[in-house]
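Subject: Structure handover

Hello,

Here is the structure you asked to take over. Please open it first, then read the notes below alongside it.

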Amino acid sequence: MESIKLFRGYGKVNPHLEDQSPHQQQSASKRRILILSVASILLLTLIIGIALASLIHESNSEPDESPYLSSSNPAESIKTVCDVTLYPSSCFTSISSLNISTKPDPEVIFKLSLQVSIAELKNLSSLLSSFNDVNSQAALKDCVSQFDDSLSKLNDSLSAMEVGPGEKMLNLEKVNDIQTWISAAMTDQDTCIDGLEEMGSKFLDEIKAKIERSKEFLSISLAIIAKMQALLEKFDQKMH
């Protein structure tokens, strides 16, 4: 009997729907469409919100992709400049030990390297002045004279970089002059060693070791100034 009832009820329309007028049925359809539209909009808004949140998180997590270096990190700046030299470790240690009051861009770092070279050469000149060797006294005096000349050239290099606020320390003409002066200072040290060897100085080995140390710092300064244009470009700067 139940199966007969079910069979008889199959295909019958809901009596409540039959009682509705076409206008009411149309209104109900519109409401359903409106509800579905609102739900779709809410779902789309939620998806967009999640996507934006993910993008913001990734943006905040990603490192700075700028191709240029910043001088706001002194250690990073010094390391970058020192890496162009033959003695990056000595370069970094000597310059980092100085009192750096400004943001160290390549020009500032080069200037600091010159100060290190000058201090080392002064110590070397003072040492030679203290030696007393009858056999090589003339050669020792020649060395001191040559080092005084070298110090004069290095101090000229520093003076050339003294500029007003906002002005660039270096231009191509200054760079060429400074390279010549540093190279001449290194040649003076080689000449000194040649003279001491010729005179058979008993202080030769000690002086050689000190000169090699001084030449190392001069080599650092020379390498930096020779690569100055490329270094400035790394820091998004230009040479005038």
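A disulfide is a pair of cysteine sulfur atoms within 2.5 Å. With that in hand, the link of C143 and C192 can be described: the angle about its S-S bond is 100°, and the link is right-handed. It joins distant parts of the chain, with C143 in helix α7 (residues 137–160) and C192 in helix α8 (residues 172–199), 49 residues apart. The sulfur atoms of C143 and C192 are 2.0 Å apart. Both C143 and C192 are buried. Please keep in mind that this is a predicted model.

How many disulfides does the structure hold? There are two. Are C82 and C91 buried or exposed? The cut-off for buried is under 20% relative accessible area. C82 has 1% relative accessibility and therefore counts as buried, and C91, at 0%, counts as buried too. If the bonded cysteines of the protein chain are numbered in sequence order, the pairing reads 1-2, 3-4.

Now the overall picture. Of the 240 residues in the protein chain, 34% are buried. Among contacts in the protein chain with a separation of 6 or more, 74% are between residues 24 or more positions apart. The accessible surface of the protein chain is about 15200 Å², and carbon and sulfur atoms account for 56% of that surface.

Next, the aromatic rings. How many aromatic pairs does a search of the whole structure find? The search finds one. F131 and F203 form this pair, which is stacked, with 4.2 Å centre to centre and 10° between the planes. F131 lies in the loop between α6 (106–130) and α7, and F203 lies in the loop between α8 and α9 (204–226), so the pair ties together parts that are 72 residues apart in sequence. F131 and F203 are both buried.

One lysine is also worth a look. K111 lies in helix α6. Is K111 buried or exposed? Its relative accessibility is 16%, so K111 counts as buried. Leaving out residues up to four places away in sequence, K111 touches L158, M161, E162 and M169.

Last, the surface. Which residues form a nonpolar patch there? They are L43, L46, I47 and I50, and together they have about 400 Å² of accessible area. One of them, L46, lies in helix α3 (residues 22–61).

To find your way around, you could start with the two disulfides, go on to the stacked pair of F131 and F203, and then turn to K111 in helix α6 and the nonpolar patch on the surface.

Regards

Definitions and conventions
Residues are numbered from 1 along each chain as its sequence is written. This is a predicted model: local features need pLDDT of at least 70, side-chain atom pairs count only at pLDDT 80 or more; totals for chains, interfaces and linings use all residues. Side-chain values use heavy atoms; hydrogens and water are left out. Buried means under 20% relative accessible area, exposed over 50%, partly exposed in between (1.4 Å probe, protein chains only). Helices (H or I, at least four residues) and strands (E, at least two) are DSSP runs, numbered from the N terminus. Contact means heavy atoms within 4.5 Å. Accessible areas come from the Shrake-Rupley method with a 1.4 Å probe; for residues, only the protein chains shown count as cover. Patches are made of residues with over 30% relative accessible area and no salt bridge: like charges are joined within 9 Å, nonpolar side chains (Val, Leu, Ile, Met, Phe, Trp, Tyr) within 5 Å. A salt bridge is a side-chain nitrogen of Lys or Arg within 4 Å of a carboxyl oxygen of Asp or Glu. Rings of Phe, Tyr and Trp (its six-membered ring) pair if their centres lie within 6.5 Å; planes under 30 degrees apart count as stacked, over 60 as edge-to-face and the rest as tilted.
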